[in-house]
Amino acid sequence: MNPEKLKILRRHNIRKKINLLLLTLFIFAIAILYFSPILYMFLTSFKTEHQAVSPSLIFKPTLNTLKMVLSDANMFRYLKNSLFQVFFTTLACLVLAVPASFALVFGKFKKRNTGEKIYVWFITTILLPPVAVIIPLYTWYQKFNLIKSPMGLLIAYIGFHVPIVVWMLHSFFKDVPKSIIEASEIDGCSRFRQLVSIAIPLVRTGIISSGLLVAIFVWNEFFLGFNLTGNSTATLPVYMSRFREQQGMFVAQLSASSTVAILPAVILGWITQKSLVKGLTLGAVKG
C-alpha cells in the first residue's frame with residue numbers, strides 16, 4: 001500500500017478510537033450521574049442518624065440502622081400489603097387487558113372505526129393524573145365503604161393500569177398477521193381458541209413486558225396508597241414517608257427502608273431486563 005495512504009488510514013483509525021473513548025467516557029459519566037442518588041441512599045443506610053446529617057462519603061459503616069428497620073414488624077406488614085397489591089393488580093390487568101386488546105384489533109364491530117375510537121378512549125385515560133379524580137373517587141369509596149380497604153386500593157390500581165396494558169398490547173396484536181386469524185376462522189376456530197392458541201403465544205414478549213411494567217408502577221405508587229389506605233392497609237411507600245416527622249427527617253432510617261424497598265424491583269428488573277427492553281423497544285417501534 002502507498003505509504004501516504006497508510007498514514008491517512010492510521011490517522012483515521014486513531015481518530016476513530018479517540019471518538020469511541022470519548023463517547024464511552026461520556027456514557028459512563030451520565031450513568032454515574034444517574035446512579036449517584038441511589039448509591040448515596042445505599043451508603044447512607046449504613047450510617048447512624050448522626051453520621052447521615054453530614055453528606056460525606058467517608059464514614060464508619062454500621063448495620064445498626066438496617067437492623068433497626070428490619071426489626072420493625074410494621075415494615076413487613078406494609079411489605080405484605082405492597083406484594084398483595086402488585087400481584088393481584090398485575091394479574092387482573094393482564095386478564096382484562098389481553099382479551100380487550102385482542103378484541104380491539106381483531107373484533108368485528110357494527111361501525112368500522114368503533115375499535116379505534118375505544119382504543120383512543122383507553123389512551124386518553126392514561127393521560128388523566130390520579131389527583132384529578134381523587135375527590136370523586138374518595139366520595140364514591142366512602143359511600144361503598146372502600147376507604148382504608150385493600151380491595152378499594154386494588155380496584156383503583158386496576159382501573160388506572162388496565163389502559164396502559166391495552167396501549168402496549170394493542171401494538172403487539174396489530175403485528176400479528178391477519179391472514180393467520182382469518183385462516184383459523186375458516187377452519188372453525190373460535191375466538192377464544194384464536195386468542196389462547198394463536199395470538200397469545202405470538203405476543204408473549206409484550207404480555208411479559210406489560211406485566212413487569214405494571215408491577216413496577218404499582219410497587220412505586222404513593223399518591224393513591226397514601227389517600228385511600230389506613231394504618232393497617234398502607235403500602236411500603238406510605239410507610240417510608242412516615243420517617244419524616246415534625247421533629248425532623250430520619251435520613252438514615254429512610255435510606256435503609258428505601259434500600260430494602262427497591263431491592264425486589266431491582267432484582268426483578270435485573271432478571272427480566274432482556275424481556276423488558278425487548279418488549280418496550282418492539283412496542284415503541286410498532287406503536
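Begin by selecting residues 3–44, which form helix H1. This is a predicted model, and in it H1 comprises 42 residues. From its first C-alpha to its last, H1 reaches 59 Å, close to the 62 Å expected at 1.5 Å a residue.

Remain on H1 and select Ser36. What lies at Ser36 in H1? A kink of about 45° is located there, shortly before the proline Pro37.

Now display the whole protein chain. The chain contains 14 helices and 2 strands. Its C-alpha atoms fill a box of roughly 85 × 75 × 30 Å, taken along the principal axes. The radius of gyration of the protein chain is 25 Å, whereas a compact globule of 287 residues would have one near 19 Å. Of these 287 residues, 35% count as buried.

Next, select Thr62, in the loop between helix H2 (49–53) and helix H3 (64–70). Is Thr62 buried or exposed? Thr62 has a relative accessible area of 16%, and it is therefore buried, since the cut-off for that class is under 20%. Thr62 and Leu9 are 53 residues apart along the chain, and their C-alpha atoms are separated by 56 Å.

The following stop is the largest pocket. About 410 Å³ of space lies in this pocket. The elements that give two or more residues to its lining are helix H4 (73–106), helix H5 (114–126), helix H7 (150–174) and helix H8 (178–186). Which helix supplies the largest share of the lining? That share comes from H8, with 4 residues. In total, 20 residues line the largest pocket. To centre the view, select Leu104, Val105, Phe106, Gly107 and Lys178, the lining residues that lie nearest the centre of the pocket. Colouring the lining by residue class gives 7 nonpolar, 4 polar and 9 charged residues.

Phe172 has a relative accessible area of 4%, so it counts as buried. The C-alpha atoms of Phe172 and Phe109 are separated by 20 Å, and the two residues are 63 residues apart along the chain.

The last stop concerns the backbone. Most residues other than glycine have a negative phi. Select Asn145, whose place is in the loop between helix H6 (134–143) and H7. Phi of Asn145 is near 55°, a positive value in a residue other than glycine. With a relative accessible area of 65%, Asn145 is exposed.

Then select Lys148, whose place is also in the loop between H6 and H7. What is the phi of Lys148? Its value is near 65°, which is positive in a residue other than glycine. Lys148 has 54% relative accessibility and therefore counts as exposed, the cut-off for that class being over 50%.

Note on methods
Residues are numbered from 1 along each chain as its sequence is written. This is a predicted model: local features need pLDDT of at least 70, side-chain atom pairs count only at pLDDT 80 or more; totals for chains, interfaces and linings use all residues. Side-chain values use heavy atoms; hydrogens and water are left out. The expected span of a helix is 1.5 Å times one less than its number of residues. The bend at a residue is the angle between axes fitted to the seven residues ending there and the seven starting there. On a 1 Å grid over the protein atoms alone, a cavity is a set of points where a 1.4 Å probe fits but cannot get out, and a pocket is an open set with protein on both sides within 12 Å along at least five of seven lines; lining residues have an atom within 4 Å of a point. Grid points are joined across faces, edges and corners, and a volume is the space filled by probe spheres set on the points. Ala, Val, Leu, Ile, Met, Phe, Trp, Tyr, Cys and Pro count as nonpolar, Asp, Glu, Lys and Arg as charged, and the others, Gly among them, as polar. The radius of gyration is taken over C-alpha atoms; the globule rule is 2.2 Å times the number of residues to the power 0.38. Buried means under 20% relative accessible area, exposed over 50%, partly exposed in between (1.4 Å probe, protein chains only).
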